[in-house]
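Morning, everyone. I have one structure to walk through today. Here it is.

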Amino acid sequence: MITLRGRWEELADIKDELARRDWFMGTSGNLAIKVNDNPTEFLVTASGKDKNKRTKEDFLHVNINGEPIEETILKPSAETLLHCAIYSKTSAGCSLHVHTVANNVISELYGNQGKINFQGLELIKAFDLWEEDAILSIPIIPNHAHIPRLAEEFQTYLDGDKGAVLIRNHGITVWGRDGFEAKKLLEACEFLFQYQLTLRQIK
Ligand SMILES: CSCCC(=O)C(=O)COP(=O)(O)O
Ligand SMILES: [Zn+2]
């Protein structure tokens, strides 16, 4: 059985790795990892922190409503409700949200279509799409400032234990069965976004 401490270290390691990629510019981004079922509880990043630094105050232990389980002066991420939606509606074990230039530009270029599709690219296999003509479709939702409204629209795309949703001119949220899978999907998405932007530049 992996302890709360073990999950903490796992999420901290993922955070460090994403930080090395410079995916937490300007304190953006938030991460969560499930630590218990029945009742569902998870660790989520504290709001407004410099996520490039590793400290003892990086995460809070919260319940399925995103409320701290232990007394703390820290505030859970402003976007905790999106992580709550993931753990309420799926069996995912980890969820990651980052802002990158590539995911923001893609979300703006394809935002009016409400999605971006990828076909014929090897890396869509990260999403278990193995057929030659398979299409990976990533939804793009509006960046509602009211987080409950954002979470309400976001949760309509939670139809599996792994997936990704772009929030227009904001960032991407991915979820997977565990930390390894969530990070793999995030990296695959960012690869695909960079590929698409590069292709559009040279065409
Ligand atoms: C400074 S970025 C604006 C807030 C945001 O979108 C984000 O991802 C970080 O917010 P948090 O409360 O999780 O630090
Ligand atoms: Zn954000």
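Helices (H or I, at least four residues) and strands (E, at least two) are DSSP runs, numbered from the N terminus. Residues 9–197 carry the UniProt annotation "domain: Class II aldolase/adducin N-terminal", from an unreviewed entry. UniProt positions are given in the numbering used here, feature names are shortened, and annotations may be inferred rather than shown by experiment.

A word on the model. It is predicted: local features need pLDDT of at least 70, side-chain atom pairs count only at pLDDT 80 or more, and totals for chains, interfaces and linings use all residues. Residues are numbered from 1 along each chain as its sequence is written, while chains are lettered from A and ligands numbered from 1 in the order in which they are written.

Two strands pair if DSSP finds at least two bridges between them. Axes here are lines fitted to C-alpha atoms, for helices over the stretch in contact, and angles run from 0 to 180 degrees between N-to-C directions.

Look at strand 1 (residues 30–36) and strand 4 (residues 94–98). They are antiparallel, over four bridges. Leu 31 has Leu 96 of strand 4 as its bridge partner.

Next, helix pairs. Two packed helices are described by the angle between their axes and the distance between the axes. The axes of helix 3 and helix 5 (residues 179–202) come within 9 Å and cross at roughly 65 degrees. That crossing is left-handed: the near helix is turned anticlockwise from the far one by less than a right angle, and clockwise would be right-handed. Helix 3 brings Ala 102, Asn 103, Val 105 and Ile 106; helix 5 brings Glu 190, Phe 193, Gln 194, Gln 196 and Leu 197.

Helix 2 (residues 80–89) and helix 4 (residues 147–155) also have axes within 9 Å, crossing at roughly 35 degrees. This crossing is right-handed.

On to ligand 1. Which residues are around ligand 1? Gly 26, Thr 27, Ser 28, Gly 29, Asn 30, Thr 45, Ser 47, Gly 48, Ser 77, Ala 78, Glu 79 and His 97. Each has its C-beta atom, placed from the backbone, within 6 Å of the ligand.

Last, the backbone. Most residues other than glycine have a negative phi, and most peptide bonds are trans. Thr 27 has a positive phi, near 70 degrees. Thr 27 sits in the loop between helix 1 (4–20) and strand 1. A cis peptide bond joins Asn 38 and Pro 39, with omega about 0 degrees. Pro 39 is in the loop between strand 1 and strand 2 (41–45).

Notes
Two residues are in contact if their C-beta atoms, placed from the backbone, lie within 7 Å.
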